[in-house]
Amino acid sequence: MMKILKYVIYDVLRSKMIIAYTLFLFLLSSGLFWMNTDSGKTVVSLLHVILLVVPLISIVFGTIHYYNSREFTELLLAQPINRNKIFLGEYAGLSCSLAFALLAGMGVPVLISGSGEAAVYLVVVGILLTFIFTALAFLASVRSTDKARGIGTALLLWFYFAVLFDGIVLSILFYFNDYPLEKPVLFLTALNPVDLARVITLLKLDTSALMGYTGALYQKFFGSAWGISIAMLLLLLWLYVPLTWAKRIFFRKDL
Amino acid sequence: MIRIEGLDKSFGKLAVLKNINLSFERGQIISLIGPNGSGKTTLIKCILGLVMPDHGKIFFGDKNILGSWDYRSQIGYMPQIGRYPEQMQIQQIFSMMRDLRSTHHDVDEELIHSFQLPGIFKKRMGTLSGGTRQKVSASLSFLFNPDMMILDEPTAGLDPLSAEILKNKILKEKANNKLTLITSHNMSEVEELADRIIFIVDGDVKFFKTVGELKSETGENKLGKALAKITGS
C-alpha cells in the first residue's frame with residue numbers, strides 16, 4: 001500500500017491543479033493575515049472560505065482523479081496486489097497530497113503570523129475535511145461507472161453539505177421556533193461535517209457572538225473542551241463510514 | 001493450469017458469459033475469437049479477477065482464484081488499451097512495476113530491447129502514440145517471466161515489424177512451456193500462432209478445438225475459410 005501511495009502522490013503533486021490550489025490558499029491566507037491585525041477576525045474570515053473551498057476542491061478533484069486513474073487502477077489490479085490495498089493506497093495518496101497542499105498553502109502563513117491556537121485548529125479541521133470529502137468523492141465514484149454522473153453526484157453532495165444544509169437547518173429553526181429545538185439541532189449538526197468543522201473552530205475561538213446557534217449550543221451542552229472532542233469524534237466517524245463503504249463496493253466491483 | 005467451471009456473468013439484464021467450461025494447459029497458445037461484444041474481454045477479466053463472476057469457479061493450478069491475488073504473479077496481462085499515468089516516463093513505469101511486484105527472480109527485458117524502448121526511455125507516457133504504448137504494455141506483460149500471458153488484441157496498434165517481433169516472442173515462450181491466451185480479429189495471425197481456438201458468440205463457447213481438427217473437419221486449408229464454413233452452417 002505504501003508503494004502505491006508513493007506513486008499516486010508523485011503523480012498528483014505534479015498536476016497543475018494542485019499547484020494552483022496551494023498558491024490560492026497561500027495568497028488568500030497570507031493576504032488575510034497581512035491585512036487584518038485582529039487574528040480572531042482573520043481566522044473567522046478564513047474559516048468561511050475554507051469551509052466552502054476545501055470540500056469543493058477535495059470532492060471534485062477526488063472524483064476527477066478517480067476516473068482519470070481508472071486505467072492505472074486496472075493496471076494495478078492485474079498485478080498480484082490485494083484490492084483493498086489498491087483502494088486505500090489510491091485514497092491515501094490523493095488525500096495526503098491535498099492535505100499537503102493545505103498544509104503548505106495555509107499552514108505556513110498561520111505559523112509565520114503566529115496567530116494562535118484557533119488558527120492551528122482551523123488547519124487541522126481543514127485537513128480533516130480534506131480526508132472526509134476525498135472519501136465522499138471516492139464513494140460517489142465507485143458507485144457509478146459513468147464519469148459525468150460521478151462528478152454530478154459529487155457536486156450535489158458538496159452543494160448539500162456546504163450550502164443547502166444551512167438553509168434547511170435555518171428553516172427548521174424558523175418554522176418550529178415555538179418548540180424546544182436545542183437537542184434536535186445538536187443532532188442535525190452531527191449530520192454535516194462542514195458544520196462540525198465550523199463548530200470546532202469557533203469553540204476554540206471562544207467568541208460566542210460569532211458562534212452562531214449551533215456553536216453556542218455545543219458550548220452550552222458540552223463546554224468548549226468536550227464540545228471540541230465530541231465534534232472531532234463525529235468528524236472521524238464521517239471519515240470512517242464513507243471510506244469503509246466505498247472500499248466495500250470497490251472490493252466487489254467489476255473493472 | 002487453468003480450469004473454468006460453469007462460469008456465468010451478466011451485466012444488469014445482459015448475460016455476457018453463459019456457463020463457460022474450459023481448461024488450458026502449459027505449452028499451449030490459445031486464441032479466443034468471436035465478434036465484437038461476444039464476451040472475450042469479460043472472460044479474460046474474469047480470469048484476472050477484474051470482473052467478479054456471478055456463478056462458477058476458476059482454478060489456477062489447484063486454487064480457486066476468488067478473493068485471492070497472489071496467483072497473478074504468474075500472469076502477464078496486456079490490456080486492449082493500456083493507459084498509464086501521463087506524467088511518468090517510460091523508464092519510470094518499468095521501475096515502478098518492478099517495485100510494485102517486488103520480484104525476486106530474473107526479469108525478461110528482451111522485448112524492451114527488441115522494441116528499442118531504451119532509446120525513448122525519458123519520454124512521458126502522455127506524449128506516446130498508441131502503438132508505442134502497446135509496445136510498453138507488451139514489454140510489461142513479459143517482463144516478470146510469468147507462466148501465463150494474457151494478451152488482448154496485442155498486435156492491433158502495432159506496425160508490421162513490431163507485430164512480427166511480438167509474434168516471435170510469443171512462439172518462443174511457447175517453446176519454454178508457457179501458456180498464452182490471446183484474442184485477435186486477424187485470422188492469418190491466429191493461424192500463425194494458435195494451436196487451439198475458442199470461438200465465442202454472445203457469451204457461449206461455440207467450440208474449443210485444435211487448428212488441425214478444424215481444418216480436417218471442414219476440409220479447408222486456410223483457417224479463415226474453415227471458420228467461415230463451420231460458423232456459416
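Author: Let us begin with burial: a residue is buried if 20 or more other C-beta atoms, placed from the backbone, lie within 10 Å of its own, exposed if 12 or fewer, and partly exposed in between. This is a predicted model, in which local features need pLDDT of at least 70 and side-chain atom pairs count only at pLDDT 80 or more, while totals for chains, interfaces and linings use all residues. Residues are numbered from 1 along each chain as its sequence is written, with chains lettered from A and ligands numbered from 1 in the order in which they are written.

Reader: What percentage of the 255 residues in chain A do buried residues make up?

Author: Buried residues account for 45% of them.

Reader: Which secondary structure does chain A have?

Author: Helices (H or I, at least four residues) and strands (E, at least two) are DSSP runs, numbered from the N terminus. Chain A has 10 helices and zero strands. The radius of gyration, taken over C-alpha atoms, is judged against the globule rule, 2.2 Å times the number of residues to the power 0.38. Chain A has a value of 19 Å, close to the 18 Å that the rule gives for 255 residues, so it is as compact as a globular protein of that length.

Reader: How many residues of chain A are in contact with chain B?

Author: Two residues are in contact if their C-beta atoms, placed from the backbone, lie within 7 Å. By that criterion, 17 residues of chain A touch 18 residues of chain B. On the chain A side, α1 (2-12) and α4 (70-77) each give two or more residues, and α4(A) gives the most, with five residues.

Reader: What is the strand order of the open sheet in chain B?

Author: Two strands pair if DSSP finds at least two bridges between them. The four strands are ordered β2-β1-β4-β5, with antiparallel pairing. The edge strands, β2 (14-24) and β5 (63-64) of chain B, each pair on one side only. β1(B) (residues 2-11) and β2(B) pair over seven bridges, and S10(B) stands opposite A15(B) in β2(B).
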